[in-house]
Amino acid sequence: MATFTWTISTTDYELSDGGVFTAHWRVNAEQTEGTGDDAVTYTATSYGTQGFTYDASSSDYTPYADLTEVQVLGWCWDDGVDKDAIETSLQANIDAQITPTTREGVPW
């Protein structure tokens, strides 16, 4: 089973009030098969953006300087980034690398 690492690469925000309106996210998947000199690490990645609508006057508004990566990732998952589906897709990609079902080439 792969290990998934989610990160926020950057955000787009308003200078006037610090409201974040877009987050750029990335998830890296990694799985090592075998041990020692025979170990092979397989990887897959996905990248995207998620837009937000914020209200700087809201009681739950967080100023830009006080945001955390965990908080912004939570917004992404709450607002449409399907964490489970993306991780499932990345795992399928890695599984296909480990046990391929197709190849490229020509017979000549």
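Student: Which residue in S3 is the bridge partner of Glu-30?
Tutor: Thr-43 is the partner of Glu-30. Keep in mind that this is a predicted model, where local features need pLDDT of at least 70, side-chain atom pairs count only at pLDDT 80 or more, and totals for chains, interfaces and linings use all residues. Residues are numbered from 1 along each chain as its sequence is written, and side-chain values use heavy atoms, with hydrogens and water left out.

Student: And which residue in S3 is the bridge partner of Ala-23?
Tutor: Gln-50. Strands here are DSSP runs of E with at least two residues, helices are runs of H or I with at least four, and both are numbered from the N terminus.

Student: In what sense do S2 and S3 pair?
Tutor: Antiparallel, over twelve bridges, with S2 covering residues 20-33. Two strands pair if DSSP finds at least two bridges between them. S2 and S3 also form a hairpin, with six residues between them. Gly-34 in that turn has a positive phi of about 85°.

Student: What is the strand order in the sheet?
Tutor: S1-S2-S3, in an open sheet with antiparallel pairing. S1 (3-13) and S3 stand at the edges with a single partner strand each, so one side of each has no neighbour in the sheet.

Student: Which strands does H1 lie across?
Tutor: H1 lies across S1, S2 and S3, at about 95° to S1. Axes are lines fitted to C-alpha atoms, for helices over the stretch in contact (heavy atoms within 4.5 Å). Angles run from 0 to 180 degrees between N-to-C directions. Helix H2 (residues 83-98) packs on the sheet too, touching S1, S2 and S3.

Student: New topic. How many aromatic pairs are there?
Tutor: Five. Rings of Phe, Tyr and Trp (its six-membered ring) pair if their centres lie within 6.5 Å; planes under 30 degrees apart are stacked, over 60 edge-to-face, and the rest tilted. One of the pairs is Phe-52 with Trp-75, edge-to-face at 5.5 Å centre to centre and 70° between the planes. Those two residues are 23 apart, with Phe-52 in the loop between S3 (40-51) and H1 (69-78), and Trp-75 in H1.

Student: Is Phe-52 buried or exposed?
Tutor: Buried, at 11% relative accessibility. Buried means under 20% relative accessible area, exposed over 50%, partly exposed in between (1.4 Å probe, protein chains only). Trp-75 is partly exposed at 26%.

Student: Which residues do ring pairs link into a cluster?
Tutor: Trp-6, Trp-25 and Trp-77.
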